[in-house]
Amino acid sequence: MIKKVTASILSLAVGTSILAGCGGNEGGGAEGGKVTLELFSNKAESIDTYKGIIAEFEKQNPDIDIKLDAPPEAETVLKTRLTKNDLPDIMSIGGNATYGELGRAGVLHDFSDSELVKGIQPSYVDMIGRLVGTEEEGVFGLPYATNANTVIYNKQKFEKLGLEVPKTWDEFIAVLEKVKAAGEIPIYFTLKDAWTGMISWNSLAANITGEDFAEKKNAGETTFVKSYDEVADKMLTLTKYGHKDNLGVAYGDGNNAFASGKGVMYIQGNWAIPEILKANPDIELGTFAMPVTNDPAQNKLVSGVDVLLAINEETEHKEEALKFVEFMMNKDTAKRYIDEQKAFSAIEGVFQEDPVFEGIKPNFESGAITSFPDHYYPSGMGAENLVQEFLIKQKKEAFLKKLDSEWEKVQNR
């Protein structure tokens with residue numbers, strides 16, 4: 001039974017249709033002596049990786065079939081399915097507000113007593129715990145793969161232009177100016193897809209407003225108007241170094257464009273790197289954390305739980321679902337996932353060794369890491385759309401006030 005479904009989930013679910021054949025009950029049946037489980041993923045980029053992992057699992061477990069479902073607008077689809085008491089058997093989802101809602105709804109299996117939790121880096125377990133809050137005690141998902149907001153750069157163009165990786169905001173702007181003067185596109189933006197603007201937004205906000213903004217906001221101690229002025233200013237500054245159609249290019253097209261040599265830098269998460277390399281295997285890429293302030297010691301890399309594994313508490317095949325999750329948590333499988341996805345692992349002892357990440361490796365080693373601010377915004381606030389609107393209208397005061405009002409509106413539903 002669904003213990004609690006918040007109004008924000010209900011409101012987001014309205015009007016969303018579920019694709020035929022993706023129902024959890026249909027996916028969780030048994031036929032011909034085999035158990036079929038539905039694995040729901042919110043990441044289109046990982047489809048091929050999951051297909052390979054599933055094939056290996058099914059080879060070792062011929063009595064279990066895994067059906068992968070990775071629909072567009074996956075989070076909205078998942079919320080809709082929650083309202084219909086039709087959750088998938090296994091979920092591979094992000095560690096964000098949606099997970100927090102599901103955890104509080106009491107519909108996910110609690111891994112608190114599982115040995116699997118002991119093999120996960122505690123900081124990431126704590127991170128998803130803050131998303132659920134204190135209303136529910138338990139570990140309702142297993143952090144699996146982690147990510148990072150990075151500035152991806154074309155190494156060949158950096159070398160050609162004589163550029164060095166900047167360590168401060170002023171140095172970053174100087175590099176952007178030098179690239180612009182050379183007739184190149186400094187940053188290739190893909191703001192047609194609103195969510196891509198949140199890469200820059202989160203990097204700026206995390207380093208300027210700190211990790212406790214959401215807590216202070218809910219306590220009435222601060223507002224966007226009071227705390228986000230510098231964030232908004234620097235957001236607009238960055239867009240001045242884009243191309244002629246910042247808001248007209250989507251993510252997929254942007255990956256291909258950057259791979260073909262358009263742009264010197266690309267503000268994206270590590271998940272974009274496999275897509276760029278698919279389009280151009282010969283491109284030489286590097287990464288660095290956006291230097292948001294002029295104090296290098298204060299500039300942190302934004303990293304969070306990109307993928308966590310969760311199980312429907314009411315799945316008819318809990319034993320088989322746990323068997324698949326255990327297979328996923330195996331270090332060999334976890335290493336395969338992060339190698340193919342150019343991601344990082346939440347599992348202790350599983351390391352990302354690709355040289356493309358040399359520039360952000362020190363952040364992980366020194367602990368210069370901070371979490372995604374928008375993961376702690378109320379679910380249903382639609383921050384990405386508000387940021388996109390701001391970049392179009394460029395009315396800062398009205399924008400910050402709207403962020404505050406939308407936060408309150410969602411919280412009061």
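The legends below describe several close-up views of a predicted model.

Residues are numbered from 1 along each chain as its sequence is written, and side-chain values use heavy atoms, with hydrogens and water left out. Because the model is predicted, local features need pLDDT of at least 70 and side-chain atom pairs count only at pLDDT 80 or more, while totals for chains, interfaces and linings use all residues.

**View 1. Asn246 in the loop between helix H12 and helix H13.** Helix H12 covers residues 229-239 and helix H13 covers residues 251-259; helices (H or I, at least four residues) and strands (E, at least two) are DSSP runs, numbered from the N terminus. Asn246 counts as buried because its relative accessibility is 11%. Buried means under 20% relative accessible area, exposed over 50%, and partly exposed in between, with a 1.4 Å probe and protein chains only. A polar atom of the Asn246 side chain lies 2.9 Å from the backbone nitrogen of His243. Apart from neighbours within four places in sequence, Asn246 is in contact (heavy atoms within 4.5 Å) with Phe189, Thr190, Leu191, Lys192 and Thr239.

**View 2. The buried residues of helix H12.** These are Val231, Ala232, Lys234, Met235, Leu236, Leu238 and Thr239. They pack against helix H8 (169-181), H9, strand E6 (265-269), H18 and H19. The charged end of Lys234 sits over the ring of Trp169, 4.7 Å from the ring centre. A charge sits over a ring if NZ of Lys or CZ of Arg is within 6 Å of the ring centre and within 35 degrees of the ring normal.

**View 3. The aromatic pair of Phe57 and Phe324.** The whole structure holds 22 aromatic pairs. Rings of Phe, Tyr and Trp (its six-membered ring) pair if their centres lie within 6.5 Å; planes under 30 degrees apart count as stacked, over 60 as edge-to-face and the rest as tilted. Phe57 and Phe324 are edge-to-face, 5.0 Å centre to centre, with 90° between the planes. Phe57 lies in helix H3 (residues 47-60) and Phe324 in helix H15 (residues 318-329), so the pair ties together parts that are 267 residues apart in sequence. Both Phe57 and Phe324 are buried.

**View 4. The aromatic pair of Phe224 and Trp407.** This pair is edge-to-face, with 5.8 Å centre to centre and 65° between the planes. Phe224 in helix H11 (residues 224-227) and Trp407 in helix H19 (residues 396-411) are 183 residues apart. Phe224 is buried, with a relative accessible area of 0%, and Trp407 is buried at 1%. Ring pairs link Trp201, Phe213, Phe224, Tyr228, Tyr377, Phe390, Phe399 and Trp407 into a cluster.

**View 5. Val356 in the loop between strand E9 and helix H17.** Strand E9 covers residues 344-345 and helix H17 covers residues 361-366. Val356 is buried, with a relative accessible area of 9%. Leaving aside neighbours within four places in sequence, Val356 is in contact with Ile273, Leu285, Gly286 and Thr287. The C-alpha atoms of Val356 and Asn270 are separated by 9.8 Å, although these residues are 86 residues apart along the chain.

Key. Polar contact = N/O pair within 3.5 Å; in protein donor to acceptor, adjacent residues only side chain to side chain.
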